[in-house]
Amino acid sequence: MTVPLQLRGLRREFGSTTALDGLDLDIAAGELIALLGPSGCGKTTALRIIAGFETADSGALLMGGEDVTAVPANRRDIGMVFQSYSLFPNMTAAGNVAYGLRVRNTPAAERTARARELLDLVGLPGRAGHYPHQLSGGQQQRVALARALAIRPRVLLLDEPLSALDAKVRLTLREEIRRIQLELGITTVFVTHDQEEALSMADRVAVMRGGRLEQCAPPNELYERPATPFVAEFVGTMNRLPGTVREGGVVEILGRRLPIHGTAPAAGRAVDVLLRPEGLAIRTDADAEGTTATVRVATFLGATTRLHLTTESGVPVKADLPSWEAADLTVGARCTVVPHEKPVLVAERAGEGVG
């Protein structure tokens with residue numbers, strides 16, 4: 001049975017350091033939520049409190065509506081997969097998977113059947129008799145995942161489980177984890193420092209900063225409509241370009257006036273405008289309206305090409321274009337940068353205080 005989780009005002013301090021500062025977060029039953037943020041933001045502390053490995057100084061943790069704040073880790077029905085595989089080297093893959101069932105005095109025949117079922121589920125048929133040293137890193141992590149699922153946990157916790165793997169294996173395994181999570185419908189909390197993992201796997205991504213939640217939203221909303229400048233710059237690539245607020249809730253940027261997303265600062269205020277590289281169009285026709293720029297670097301990325309440009313006033317700009325469209329924009333080429341007509345987020349001008 002899968003359950004919802006509620007984190008209510010969780011606070012945790014380590015000496016003079018505040019790891020969690022009143023964290024509130026609701027996680028729906030069967031949802032995969034990723035905790036994302038810079039080092040020291042509190043995401044791992046939050047995961048360890050859910051697991052029962054850490055105790056919050058204040059606040060509450062509810063699992064299926066039940067307050068489990070004071071319940072020991074071994075009574076929470078939680079499965080956990082760590083960054084390090086943590087397999088028993090003297091046990092076979094099947095033995096590792098069945099370990100939790102053995103501790104719970106599950107009959108041997110049932111343990112064996114469950115271990116083989118889960119090894120099939122994680123894509124390791126025929127590996128039941130292999131020892132950890134006979135398996136690759138990706139295979140060992142699959143065994144670790146199967147072991148966490150063997151006890152039929154109500155909640156699955158993943159603590160950066162893919163960071164020790166090479167890129168190709170990481171991509172394959174994250175797709176497998178998502179497939180298994182959806183198939184089982186298990187409530188899952190996934191801590192990662194990899195934005196691509198978070199955006200590609202999670203139903204929602206919770207971006208943390210300084211022990212607090214900055215924004216929790218589906219990946220597309222987080223990327224397209226960030227709630228704060230921090231989220232906008234932390235998730236993906238972002239241009240930070242100088243602009244000036246004008247009357248009517250618009251900002252003047254790159255020769256255009258764009259509506260401001262959210263509350264507009266006072267007219268005449270100098271601000272930074274946050275624009276994604278794909279939020280810019282590049283024109284080569286002589287009469288195009290916008291800001292003239294020069295191509296400094298063109299980086300081919302497959303389907304897209306990233307242009308690093310410099311405007312006539314010396315402002316660096318990144319723009320992403322379909323590679324076929326960027327084919328003629330070689331280093332030194334002159335062009336016009338035009339922002340797309342859509343609301344933009346503005347932030348305090350870098351290096352300036354609040355006016």
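Arg-349 and Asp-272 form a salt bridge, with the closest N and O atoms 3.0 Å apart. A salt bridge is a side-chain nitrogen of Lys or Arg within 4 Å of a carboxyl oxygen of Asp or Glu. The pair links distant parts of the chain, 77 residues apart. Arg-349 lies in the segment after strand 20 (345–348), and Asp-272 lies in strand 14 (residues 270–275). Helices (H or I, at least four residues) and strands (E, at least two) are DSSP runs, numbered from the N terminus. Asp-272 is buried, with a relative accessible area of 4%. Buried means under 20% relative accessible area, exposed over 50%, and partly exposed in between (1.4 Å probe, protein chains only).

The model is predicted: local features need pLDDT of at least 70, side-chain atom pairs count only at pLDDT 80 or more, and totals for chains, interfaces and linings use all residues. Residues are numbered from 1 along each chain as its sequence is written, and side-chain values use heavy atoms, with hydrogens and water left out.

The count of salt bridges comes to 26. One of them joins the side chains of Glu-312 and Arg-334 (3.2 Å, N to O). Glu-312 lies in the loop between strand 17 and strand 18, and Arg-334 in strand 19 (residues 334–339), so the pair ties together parts that are 22 residues apart in sequence. Both Glu-312 and Arg-334 are exposed. Salt bridges that share partners also join Arg-11, Glu-13, Asp-21 and Arg-212 into one network. Arg-246 forms a salt bridge with Glu-252, with the closest N and O atoms 3.0 Å apart. Arg-246 is partly exposed, at 29% relative accessible area. Glu-252 is also partly exposed, at 31%.

Five strands form an open sheet in the order 15-19-16-17-18, and the pairing is antiparallel. Strands pair if DSSP finds at least two bridges between them. Strand 15 (280–283) and strand 18 (316–322) stand at the edges, each with a single partner strand, so one side of each is left without a neighbour in the sheet. Neighbouring strands of this sheet are turned by 45 degrees against each other on average, direction ignored. For such angles, axes are lines fitted to C-alpha atoms, for helices over the stretch in contact, and angles run from 0 to 180 degrees between N-to-C directions. Strand 16 (residues 291–300) and strand 17 (residues 304–311) pair over seven bridges. Thr-294 stands opposite Thr-310 in strand 17.

Pro-339 lies in strand 19. Pro-339 is buried, at 1% relative accessibility. Its C-alpha is 9.9 Å from that of Ala-319, 20 residues apart in sequence. Beyond residues up to four places away in sequence, Pro-339 touches Ile-253, Leu-254, Arg-256, Leu-258, Leu-275, Gly-279 and Leu-280. Contact means heavy atoms within 4.5 Å.

Thr-187 is found in strand 8 (residues 187–192). Thr-187 is buried, with a relative accessible area of 0%. A polar atom of the Thr-187 side chain lies 2.9 Å from the backbone nitrogen of Gly-30. Leaving aside neighbours within four places in sequence, the contacts of Thr-187 include Thr-2, Val-3, Ile-27, Arg-154 and Leu-156.

Seven of the nine residues of helix 1 (residues 43–51) are buried, so helix 1 is largely enclosed by the rest of the structure. The buried residues are Lys-43, Thr-45, Ala-46, Leu-47, Ile-49, Ile-50 and Ala-51. Gly-52 follows helix 1, with a positive phi near 95 degrees.

How values were computed. A polar contact is a pair of N or O atoms within 3.5 Å; within protein, one must be able to donate a hydrogen and the other to accept it, and residues adjacent in sequence count only if both atoms are side-chain atoms.
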